[in-house]
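Take a first look at the structure below.

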Amino acid sequence: MNHDAELAAQVANADFDRANIARMYDYHLGGSANFAIDRETAEQALKIAPTERDYCFANRAFLGRAVRHLVTEVGIDQFLDLGSGVPTVGNVHEIAHEHNPRARVAYVDWEAIACYHARHLLGPDEDRVSVTEADVCDPDTVLNAPGVAGLLDFSRPIAVLAFGILDIIPSTDGASLVTAYRDACVPGSALAVSNNAQLTRTDEEVAGLRFLLSTTSTPQLHLRTPEEVAALLPGYTLIEPGVVPAAQWRPDRPVSDEEARRGNVYGAVGLLPHRA
């Protein structure tokens, strides 16, 4: 049995007929949790916009730095990862546990393959990590799911992670969705977001990517400006340097403007202030 057939046999409720952005992302990062349709569509995306792989790596690296900062500098030890995608190198729980072995991470995704691989990767570590298959656009269901409500203590600060998810959800009003999760969190909590941008992509490339994504299970692509990304964090105080190209958010090495722009993704992290 080949790889695709094996996955199909084990994950009966997955959509195998259309490419999925989480599995395409996995392919770009060198993962194996993807199907032929995902690989073909990802390669088409590269032909349309050659910087698509740069986006994936810039976004993933920003995730790692943001989680590390929140653990080591802010002291947060609980994470709710919305649209967590397919597990790959540098997962949230791996980074968090490197700095705080007691940290708890609740992964949430609507994609069956992503959840299947996450559970397989995590194994018996249910005391610190959970995987929930649910639609992140339904906060009530997510927040009351056993893997979330049973793992995270919402009377203590929690970091909500929304990486590459607010730009592909059906509603363009990402701020209202963020607000629903924010209202479940206490002061001292955090929100980290990333969002697709048009930094080096041409109008023709953006149109081509939107047309390509219209054939997938996640057909939206909402590009945002820095001001629009900032509007996704209502009530939060931005951590310096604010909203910037993701590669330039507290980088581990100097990053040129040219390199950062090729990522075509903005990133920001905010803290929920204590009430006066």
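The text below starts with the helix pair and then turns to the cysteines.

This is a predicted model, where local features need pLDDT of at least 70, side-chain atom pairs count only at pLDDT 80 or more, and totals for chains, interfaces and linings use all residues. Residues are numbered from 1 along each chain as its sequence is written, and side-chain values use heavy atoms, leaving out hydrogens and water.

Start with helix α3, residues 36–48, and helix α10, residues 203–213. Helices here are DSSP runs of H or I, at least four residues, numbered from the N terminus. The two pack at an angle of about 165°, with axes 9 Å apart. Axes are lines fitted to C-alpha atoms over the stretch in contact, and angles run from 0 to 180 degrees between N-to-C directions. α3 and α10 are therefore roughly antiparallel, a label for angles over 145 degrees.

Which residues of α3 and α10 meet? T41, Q44, A45 and I48 in α3 meet E205, G208, L209 and L212 in α10. Contact means heavy atoms within 4.5 Å. Four residues of this contact are nonpolar, three are polar and one is charged. Gly counts as polar here, Ala, Leu and Ile as nonpolar, and Glu as charged.

Now the cysteines. A search of the whole structure finds zero disulfides, meaning pairs of cysteine sulfur atoms within 2.5 Å. For C56, the nearest cysteine sulfur is that of C115, 19 Å away. C56 is buried, at 3% relative accessible area; buried means under 20% (1.4 Å probe, protein chains only). C115 is in no disulfide either, and its nearest cysteine sulfur, that of C137, is 14 Å away. C115 is also buried, at 1% relative accessibility.

Key: Parallel < 35°, antiparallel > 145°, perpendicular 65-115°, else oblique. Buried < 20%, exposed > 50% of the residue type's maximum accessible area, 1.4 Å probe, protein only.
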